[in-house]
Structures are given as structure tokens and as C-alpha cells.
Amino acid sequence: MSHYTTLPTQIVDDLGLLQALADLGFTSRKVETHAEPQPLYGYHGDERPERAHVIIRRAHVGPASNDIGFVRGDDGTFQAIISEYDQLRYTNDWLNRLTQRYAYHVTLAELAQQGFTLAEETDRAGTIHLTLRRA
Amino acid sequence: MEQIAVTISKDGQVTLHVQGVKGMGCADLTADLIAALGGQITQQTWTMEAYEQPTEAATWNPSRSLPACGEGQGWGQQKEHEDA
């Protein structure tokens, strides 16, 4: 018997989020993580009302940018906080890529815990295909 | 050989295809991964490999409890085969 399971990815694991951000150029030294949400700052250095657990400070985001944050909601999922200005560069496509990289990392990590190793990895037209096996 | 094929689309939709896992293990096997992906299963399909026909598949309602994976262990699809 075999089975298929399909689900959309929601980001719930902070380590996986950090790995995905690193894949998109925001290595760990550019990203802050906080147990309690901290304020985000605007491009003038002004404190904004939004707070986040995972923060990329504006100096790393781009010229005239605001901080980018990821806040963990009551349901455990992270939601991105990206200013309207920065959404010109950090678009839905960027968020989709981040989500895909997150899924990639948590898949390998969780299945490694179950004793599976990666046998094959391909990228066809932007879709990642992984084959993992356990003897 | 136990195998899991994973497809991750551009927008992060994940499809897991678990093959060759006997006994009670196959739902447990992916439980932690599914939780790490947010746990919002939209579709789950079980196939009888002996028939190797996609049309034998039936869609599982996620609101029901997880079936066991072992051969012949209780779930409605087994019954459908017996009826056929």
C-alpha cells in the first residue's frame, strides 16, 4: 500500500525559516531571532507599531527600506511583515520561494530523523523533486 | 525498500508519496513532517499497489481519523475493493 498526502506549506519552525532565509541571501548574521516579539523600525529609524520574532533589519534589506519581520501567530505559524515599499522587491514570488526553501529544509530534516537519506534531487521548471529511501 | 517521493511546487505546496512501508508505521512516519509543514492537509489518497491503477485510489477525508497503513487494516477503501 502507498499513500499520497498533499498540503500547502505554512512556516512553523524557526530553524527551517532561518535556513530558508539563508538560501535567499539572509545568512544568520543578518537575521535576529527573539523569544518575545520586538519592534520593527522604518527607514527613518522610526519605531513602527509592528513587532516580530524574526527580524531582518533595514540595513540588510535595501536602501530606503524598512525592517522585514516574521511574527509567530497564536496558531503557531509565522506571518511575514513587509512594508508596501519593500513589497516591490520582496514580492509574493519571493515569499513563495522562501516557503519552498523552508519546505525543502524541514522535509530533509524530519525524514532524516526517521532514518531516510536523500537518494535523488531534481529541479524541473522550479518544482523540486526529492526521493528519499530507507533500507 | 521504503521510499518517500516529495514534490515541492513553486508556491510551497508539498506532495508526499510514501511507498513500501509496512505495518502501522506509514502515518507515523510523516506525522512530524506534516506538523512542520503546518499540518493543513488538503488531500490524502491511498492506493493498493497490487492493482497499480490510479483509478483504484480513493480520497480520504482528513476530518476522519488516520487509517493504519498495514495491509488489510481497517479503512473504507478496502471495503470498496471487496465490493467490486
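## Contacts of Ala103(A)

Contact here means heavy atoms within 4.5 Å. In this predicted model, Ala103(A) is in contact with Thr9(A), Ile8(B), Val14(B) and Leu37(B), leaving aside neighbours within four places in sequence.

Ala103(A) sits in helix α3 of chain A. Its relative accessible area is 0%, so Ala103(A) counts as buried, the cut-off being under 20%. Ala103(A) and Thr9(A) are 94 residues apart along the chain, yet their C-alpha atoms are separated by 6.5 Å.

## The largest nonpolar core

The largest nonpolar core has 39 residues. Leu21(A), Phe70(A) and Val6(B) have the most contacts inside it. Both chains contribute. From chain A, α1 (14-23), β3 (47-56), β4 (68-72), α3 (92-113) and β7 (127-134) each supply at least two residues of this core. From chain B, β1 (2-8), β2 (14-19) and α1 (25-36) do likewise. The largest share, seven residues, comes from α3(A).

Val6(B) has partners in both chains. In chain A, Val6(B) touches Thr107(A), Leu111(A), Ile128(A), His129(A), Leu130(A) and Leu132(A). In chain B, the partners of Val6(B) are Val14(B), Thr15(B) and Leu16(B). Residues up to four places away in sequence are not counted.

## A buried loop threonine

Thr77(A) lies in the loop between β4 and β5 (78-81) of chain A. Its relative accessible area is 4%, so Thr77(A) is buried.

The side chains of Thr77(A) and Gln79(A) are joined by a polar contact of 3.2 Å. Not counting residues up to four places away in sequence, Thr77(A) touches Gln10(A), Ile11(A), Val12(A), Val71(A) and Arg72(A).

Conventions
Residues numbered from 1 in each chain as written. Chains lettered and ligands numbered in written order. Predicted model: local features only at pLDDT ≥ 70, side-chain atom pairs only at ≥ 80, totals over all residues. Heavy atoms only, no water. Core = buried A, V, L, I, M, F, W, Y, C linked by side-chain atoms within 4.5 Å. Buried < 20%, exposed > 50% of the residue type's maximum accessible area, 1.4 Å probe, protein only. Helix = DSSP H or I, 4+ residues; strand = E, 2+ residues; numbered from the N terminus. Polar contact = N/O pair within 3.5 Å; in protein donor to acceptor, adjacent residues only side chain to side chain.
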